[in-house]
Amino acid sequence: MAKLSLKKLTKSYGKVEVLHGIDLEVDDGEFVVFVGPSGCGKSTSLRMIAGLEEITSGEIWIGGRKVNDLEPKDRDIAMVFQNYAIYPHMSVRKNIAFGLWNAPLSKAEKAARIEEVARILDMSELLERKPSQLSGGQRQRVAIGRAMVRNPAVFLFDEPLSNLDAQLRTQMRLEIKKLHQQVGNTIIFVTHDQVEAMTLADRIVIMKDGHIQQVGTPEDVFHAPANTFVAQFIGAPSMNMLNVTGAGDEISLSSGIKMQPGRQTQTGQPLLLGVRPDDLSVDDQNPIVTGKVVVREPLGSETLIYVSGPQGEIVAKVPGKSGVKVGDEVKLGATPEALHFFDTETGDALV
Amino acid sequence: MSAYKRLSIRQKQIVWAWLFLAIPTLFYGLIRFYPTGTAFVISFQDWNLLGERTWTGLSNYQKLWNDPVFWKVFRNTFAYLIIGTPVSLVISFVIAYHLDKTRFMHGFLRMLYFLPFMTSAVAMAWVWRWFYQPVPIGLFNNFLASAGIPQIAFLNSTTNALPAVLAPAVWAGLGFQVIIFMAGLRAIPGSYYEAAKIDGVGWWTVLTRITLPLLKPTIVFIVVFSSIGFLRIFDHVFNMTTNNPGGPLNATKPLVLMIYETAFSSFDMGYAAAQTVVLFLILLLVSLLQLWILKGDNS
């Protein structure tokens, strides 16, 4: 178990720089999730930590050691791959034992470690099976087992749940979280799924185009997004964005509606107003937008309504029993605390 | 037409299936199975290609059993198989393994290895024949002479001739095997190697514990395919020993060449057919044996 630090980490393929100076401190025992759209550099960062990709510049420190020039095996890490990378011709036991190939342990000690890991992962009875006789979730567990048996300072997970179906993914998500609470190792987990990131992470690292956009707890990034990208990436459906103009303690929307956001704005300054679908309520006294419901997506406990008005289309999440119908005229509003303001030019949040 | 319409969907499917199957069935029946069957029949007969066929029972097989040339040829054929298959397997794997890792001029190098496979066996055999000539003509002996090493009688020695004939045959088949091996290597996911790298496993262990076991289906295919090739070797031998086919003293003669000579030099069709049947049985047995051994514990 150890701290992990990335210092000014960059990666270039030829002349193309894909990672532009990543700085990050991960505490001992922390569960950190890297999340972002494909091509954002999250997997590249992980592979650089693992030692599978060369570091162009910058430093990686694991447990107080600079590991830039260490082989993967000497970095005190273990990795779980997206396709599990478990060997189809070996039994589960042999697959897990492969992680201990070079460990300075006696045969009996190795066997005991394997048994223990199998017990923690609840697959003691699967040890003699071949991977082809396992389900997707069980294979996933074998891959985790092979990483666990090494008892590394840092666990690296590269989109490990992407190959599972939705139900199993939710289940494995829970198991990984429980496992982390049980063993307490530092974990770096890469995913493109923001729900996975939110549910698993102690802290989320949101990346885009080789830059870190925001680092924070799930609550931080959800309630106080650093910029429009984070605001729209985290949370489903995405945050609504409206063009507004500041006017002292008022703002005016392009639809002509004026409202008091509870803060001062510069008169005449164009701003982006962000509001989450969850924060909008129907028939508000102080509406932000008005319009006609064009599409209804019932999800059971909630219903998503798409409201079309002069300001464009907006999504709102209303209670499932609210009885809003397609064609209804609705007035949507939100409390001032639920409003987010962003700079139109840079997209950065205005505090 | 109305009769067709009254058929159930399943019956219609059967009608169409047989319609499509008719051509290959006819083709295989006439071109493959009929002659094969005839060969079996002729092996129990006496026939000189022009005269009457007369039944002779097992006498062709008895003659074969007591023919010292047959046993010599039998040993030669297995020598080609037992030396050729493993040697070509190892060489082609080593080439494919390294070529797979080479990025420099990858396509060009692959083309170079594949080129011999596309070249006519006759042309190749004659070039190799030239390589094997004594000084001052032959390439190899010229090298040996310039290095001060005594000459080697490649094709004129009863002990050297068989390996000397086998070498170009192995070389010619290499390109194909390399391509198949490379396809097999490419099919192994990169993450298997990355996982092994993180586990700190050495390259030899990776090769023997991961690469080779995962290449098993490829190896089975190549072994069976090249074994059949070596058991049926003919053109290389025939073209490299034209003055005295299969010589010197039958040292290089494979079964197919013996069949050819029995049939078209001695016109003893019955005897040739009996040899063919034996070759067929050997091929069948060897192939089944290999499939059984190599596929044995695969789940």
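**Reading a predicted model by its cut-offs**

Student: Why is Glu175(A) called partly exposed?
Tutor: Its relative accessibility is 28%. Buried needs under 20%, and exposed needs over 50%. The 28% of Glu175(A) falls in between, so the label is partly exposed. Keep in mind that this is a predicted model.

Student: What makes Glu175(A) and Arg141(A) a salt bridge?
Tutor: Look at the gap. The closest N and O atoms of Glu175(A) and Arg141(A) are 3.6 Å apart. The rule asks for a Lys or Arg side-chain nitrogen within 4 Å of an Asp or Glu carboxyl oxygen. Arg141(A) and Glu175(A) at 3.6 Å meet that rule, so the pair counts.

Student: Which parts of chain A does the pair of Glu175(A) and Arg141(A) tie together?
Tutor: Glu175(A) sits in helix α5 (residues 166-183) of chain A, and Arg141(A) sits in helix α4 of that chain. The pair therefore links parts that are 34 residues apart in sequence.

Student: Is Arg141(A) buried or exposed, and how do you know?
Tutor: Its relative accessible area is 14%. That is under the 20% limit, so Arg141(A) is buried.

Student: Where do Arg150(A) and Asp199(B) lie?
Tutor: Arg150(A) is in the loop between α4 and β7 (154-158) of chain A, and Asp199(B) is in helix α9 of chain B, so this pair crosses between chains.

Student: What makes Arg150(A) and Asp199(B) a salt bridge?
Tutor: Their closest N and O atoms are 3.9 Å apart. The cut-off is 4 Å, so the pair passes.

Student: How do you know whether Arg150(A) is buried or exposed?
Tutor: Arg150(A) has a relative accessible area of 17%, so it is buried by the 20% limit. Asp199(B) has 5%, so it is buried too.

Student: Which residues do shared partners join into one network?
Tutor: Salt bridges join Lys11(A), Arg47(A), Glu53(A) and Glu194(B). One bridge links Glu53(A) and Arg47(A), at 3.2 Å from N to O. Both Glu53(A) and Arg47(A) are buried. Over all chains, the structure holds 16 salt bridges.

Student: How do you know that chain B and chain A are in contact?
Tutor: Contact means heavy atoms within 4.5 Å. By that test, 17 residues of chain B contact 25 residues of chain A. The buried area is about 1800 Å², with 61% from carbon and sulfur atoms. Glu194(B), Ile198(B) and Asp199(B) supply 35% of the area that chain B buries against chain A, more than any other three residues.

Student: How many salt bridges and polar contacts lie between chain B and chain A?
Tutor: There are two salt bridges. There are six residue pairs in polar contact, both residues at pLDDT 80 or more. On the chain B side, α9 (190-199) and α10 (203-214) each give two or more residues. α9(B) gives the most, with eight. By class, that side has nine nonpolar, four polar and four charged residues.

Student: How far apart are the centres of domain 1 and domain 2 of chain A?
Tutor: The centres are 39 Å apart, taken over C-alpha atoms. The contact takes eight residues from domain 1 of chain A and five from domain 2 of chain A. About 590 Å² is buried between the two domains.

Student: Why is Asp122(A) called exposed?
Tutor: Its relative accessibility is 52%, and exposed means over 50%, so Asp122(A) qualifies. Its phi is near 60°, a positive value in a residue other than glycine. Most residues other than glycine have a negative phi.

Student: What is the omega of the peptide bond from Ala236(A) to Pro237(A)?
Tutor: Omega is near -5°, and the bond is cis. The bond from Val135(B) to Pro136(B) is cis as well, with omega near 0°. Most peptide bonds are trans.

Definitions and conventions: Residues are numbered from 1 along each chain as its sequence is written. Chains are lettered from A and ligands numbered from 1 in the order in which they are written. This is a predicted model: local features need pLDDT of at least 70, side-chain atom pairs count only at pLDDT 80 or more; totals for chains, interfaces and linings use all residues. Side-chain values use heavy atoms; hydrogens and water are left out. Domain bounds come from an automatic or database domain assignment. Buried area is the accessible area (1.4 Å probe) that two parts lose on being put together, summed over both. Buried means under 20% relative accessible area, exposed over 50%, partly exposed in between (1.4 Å probe, protein chains only). A polar contact is a pair of N or O atoms within 3.5 Å; within protein, one must be able to donate a hydrogen and the other to accept it, and residues adjacent in sequence count only if both atoms are side-chain atoms. Helices (H or I, at least four residues) and strands (E, at least two) are DSSP runs, numbered from the N terminus. Ala, Val, Leu, Ile, Met, Phe, Trp, Tyr, Cys and Pro count as nonpolar, Asp, Glu, Lys and Arg as charged, and the others, Gly among them, as polar.
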